[in-house]
Amino acid sequence: MPPTREHDDEQQLVLRLQAGEAAAYREAVRRYTPGMLAVARYYTDHSSAEDIVQECWTRVVSAIASFEGRASLKTWLHRIVANQAKNSLRRSQREVQTDFSEALEPQLASRFRSDGRWSQPPQLSTRETAESLLENGALGDCLDKHLSQLPEAQRSALMLYEAHQRQSAEVCNILGVSTSNLRVMLHRARQKIFLMVEHFQETGQC
Amino acid sequence: MLMCRDLAVIASDYIEGDLPLTQRLSVRTHLMMCRHCRSFVANLRNSIELMKGHSDQRLDDRYARRLDEEIERALASQSKDGSGPDQG
Ligand SMILES: [Zn+2]
């Protein structure tokens, strides 16, 4: 990893954590907990996920001494959470109940003719940026609704990837899914969001 | 030849720059000729951005404070054991 400002920041933070500085923990909690929760949510419901992440933080207090910086602090924390979640939930292991054999969402797949061309092409109108789209609060709500309708495991994998761990190899490693499954999961979720945004722009409704 | 449907399948990889060169070139060629797929890719790119911006959930304040307290307790018991770092 080339020395970046983020990297230096992290090294500083690690040193302070290793020195047992409470303020450093407060900082780390706020920086890393959302991602840790996303990992735990892959395995379990919201309140158990909070318990698991809490246990992990207390374990970190004694384990941080052995942190050697081979992975980033974030990845190290994510792995601790994944292990903890797998251990405590072995009995009730969730399954990702999505059909990964198809690369396209059925609703999107049905918009092509049999020769592979569009029969219902996408709207041309979207010239708005994501930012200006989100200024419409109703769209944000709609996005929430659609995200919450995704299967839990699929959603947390998506969140983990999009918001916290941009490296798919790490995400696969942490969640124990294959690269191709993760890929299809991401693609399908994105297609769903595409369909949702298009519908929203056409009708003004979620 | 790459059809619109094929392009939709790999569009997500194309946007992330994850396609091998030959596939990338055939996507580009197709996009030059097909306005429907151009708007599909543009709109899909937008959807991805939307999700990135959206998914950064904020941490519940009460929960964060609960974590602070647990950690402080753990830090205190560690330094009492003498196993922890020297707090000076
Ligand atoms: Zn096309």
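## Basis of the model

This is a predicted model, in which local features need pLDDT of at least 70 and side-chain atom pairs count only at pLDDT 80 or more, while totals for chains, interfaces and linings use all residues. Residues are numbered from 1 along each chain as its sequence is written, chains are lettered from A and ligands numbered from 1 in the order in which they are written, and side-chain values use heavy atoms, with hydrogens and water left out.

## Two domains

Chain A is divided into domain 1 (5-92) and domain 2 (106-203), with bounds that come from an automatic or database domain assignment. Taken over C-alpha atoms, the centres of the two domains are separated by 28 Å. Domain 1 gives 13 residues to the contact and domain 2 gives 12 residues, where contact means heavy atoms within 4.5 Å.

Glu170(A) forms a salt bridge with Arg79(A), and their closest N and O atoms are 3.2 Å apart.

## The domain 1 side

Helix H2 (22-43) and helix H4 (73-88) of chain A each supply at least two residues of the side of domain 1 that touches domain 2, helices being DSSP runs (H or I, at least four residues) numbered from the N terminus. H2(A) gives the most to this side, with seven residues.

Key: Salt bridge = Lys/Arg side-chain N within 4 Å of Asp/Glu carboxyl O.
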